[in-house]
Amino acid sequence: MRHRQRRRCLRNAVEQDDVEVDRAWPVGDVLGRMGVGHAARSPLDSFQRAEQRVRIELGRNRRRSVDEGRLVEDRTDRLCGVERGARHDTNAVSRQRCERCFDLLDRVTEVGAECQIAAHQQEFYPERVPQPPLTEPLEIAGVQFANRVLLAPLAGIGNWFVRLQAQRHGAGGAFSEMVSSFAIHYGNEKTLTELLRVHPEEGPLALQLFGQDPVVMRSAAAHVAEHVPEVDIIDLNMGCPVPKVCKTGAGAAMLKDPDTAVAVARAAREGSGKPVTVKLRSGSTPGDTTSGFELAHRLVEEAGVAAITFHPRSAKVQHAGVPDYDLAARLVSSLPAPVILTGGLQTAADVRRAYEHTGAAAVMLARGSLGNPWLFEELLGERANGEQPTVTEIVAEWEWVMERAVEHLGAERGARYLRKFHPWYIERLGGGRNLKAALQATETVAEAQAAVQQHLAVR
Ligand SMILES: Cc1cc2nc3c(=O)[nH]c(=O)nc-3n(C[C@H](O)[C@H](O)[C@H](O)COP(=O)(O)O)c2cc1C
């Protein structure tokens, strides 16, 4: 209540122009002068904390216009020193809400409002900043991740050895490829032996399930908890856009049925007794910026979901287009649970930019990590920025993957399975069409290994 009064006080004072503001005064000082409880705290502290937040927010502010007049310009200059002189459109007025409490901060334009919001959030939600580095450990409902760079779920790819590969290169944890809750419930042999296979050196591990039936989900989650004790977290797929999945009401279709989504998440928790996380999209179609956001809140608040992985693209666009990181930032600052960011994270620079911009708790690498486990090392400071793997490193990694495929599926099935893996390594080695064609025709993994060796010999 006291906070609200203080805030209103500031807003009213600003609106009525009855506060004298000069260039030397940060917002904290204004509040202090108004006698609204700031006297005990150094105005400079308030300014410094606000400024720190604003630095984090600068990326977001860059394309926005500024300023309503001198008062805001002064505050903008003080709080966004780096932004000074950037497109000051005098007399433009806009309003903006704090994403945490939805209070409207008005009579300022967006950059001004961001500054005001930054000060306001620093004041009322100081625990949100500063953002830890990617190398710092992360805890989700008691599960400890060694760092904040995780492997994304990848259907048909993210098996035990791909997850192990990511973790050998530093990933703080991994999410499995999606597994059908129905297949587990009905005891499908391949699902139980291949998709639920875990390597003893993996971990922490989130096993991803999909399905729209709470009863089946409860049973599948209970099976996983009982038979695959290495699993730390049950992750639920509510983002898959593939028609085969959506037409059953699962995956991204759950955005349109939030009551069922909440029931499924509750069932997974109750069935497994483990922490449950959910991965979802921003919406069903481009322009839908509310359904994912609102479902994320409901899942956390009503179903006790421990974290949300947010892919800020609509299901309709699948994996194309630029993710809406502004929306992800809004979710981060409003959700009372960690948000893991996924989408558009191809290079170390992309990842760092998106991580800072959104304030997310962690990032999840997907396509950027395919045949490129070195990206984890680069992000975690174990490899110099932009340092490419050597030919020896690439070949050794490729060999390792081929051997694990034999271990997983045998020489023949392994060879067919590896056909989707080969192009990633061929590209890295600068191999041409001939090598590609030779590898696509191999019937055993040994043949594939021989083709690689032959390519290296004549290279
Ligand atoms: C081949 C492939 C398979 C995927 N499989 C899954 C999956 O099983 N479960 C899931 O939640 N997301 C899945 N995704 C989505 C990714 O986890 C990730 O969110 C998406 O690719 C966006 O990240 P990116 O743009 O950095 O690749 C898949 C994506 C790709 C490309």
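1. The chain has 20 helices and 13 strands, where helices (H or I, at least four residues) and strands (E, at least two) are DSSP runs numbered from the N terminus. Please keep in mind that this is a predicted model: local features need pLDDT of at least 70, side-chain atom pairs count only at pLDDT 80 or more, and totals for chains, interfaces and linings use all residues. Residues are numbered from 1 along each chain as its sequence is written.

2. On the overall fold, 47% of the 459 residues of the chain count as buried. A residue is buried if 20 or more other C-beta atoms lie within 10 Å of its own, exposed if 12 or fewer, and partly exposed in between, with C-beta atoms placed from the backbone. Among contacts in the chain between residues at least 6 apart in sequence, 65% join residues at least 24 apart; two residues are in contact if their C-beta atoms, placed from the backbone, lie within 7 Å.

3. Which residues come nearest to the ligand? Of the 21 residues around the ligand, they are Ala152, Ala155, Met178, Ala366 and Arg367 (near means a C-beta atom, placed from the backbone, within 6 Å). By class, the shell around the ligand has nine nonpolar, nine polar and three charged residues. Here Ala, Val, Leu, Ile, Met, Phe, Trp, Tyr, Cys and Pro count as nonpolar, Asp, Glu, Lys and Arg as charged, and the others, Gly among them, as polar.

4. Now to helix α11 (residues 258-272) and helix α12 (residues 291-303), whose axes come within 10 Å and cross at roughly 40 degrees. Axes are lines fitted to C-alpha atoms, for helices over the stretch in contact, and angles run from 0 to 180 degrees between N-to-C directions. That makes α11 oblique to α12, because angles under 35 degrees count as roughly parallel, over 145 as roughly antiparallel, 65 to 115 as roughly perpendicular and the rest as oblique. On the α11 side, Pro258, Ala261, Val262, Ala265, Arg266 and Arg269 meet Leu295, Arg298, Leu299, Glu302 and Ala303 of α12. The contact of α11 with α12 has seven nonpolar, no polar and four charged residues.

5. What does the buried side of α12 pack against? The buried residues of α12 are Ser291, Gly292, Phe293, Leu295, Ala296, Leu299, Val300 and Ala303, and they pack against α11, β10 (276-283), β11 (307-314) and α13 (325-334). Just after α12, glycine 304 takes a positive phi of about 70 degrees.

6. α13 in turn packs with helix α14 (residues 348-358) at an angle of about 45 degrees, their axes 8 Å apart. α13 and α14 are therefore oblique to each other. Tyr325, Ala328, Ala329 and Val332 in α13 meet Ala354, His357 and Thr358 in α14. Five residues of the contact of α13 with α14 are nonpolar, two polar and none charged.

7. Helix α19 (residues 433-440) and helix α20 (residues 445-458) have axes that come within 9 Å and cross at roughly 165 degrees. That makes α19 roughly antiparallel to α20. Leu435, Ala438 and Leu439 of α19 make the contact with Ala448, Ala451 and His455 of α20. The contact of α19 with α20 has five nonpolar residues, one polar and no charged.

8. Glutamate 201 and glutamine 167 are 34 residues apart in sequence and 9.1 Å apart in space, C-alpha to C-alpha.
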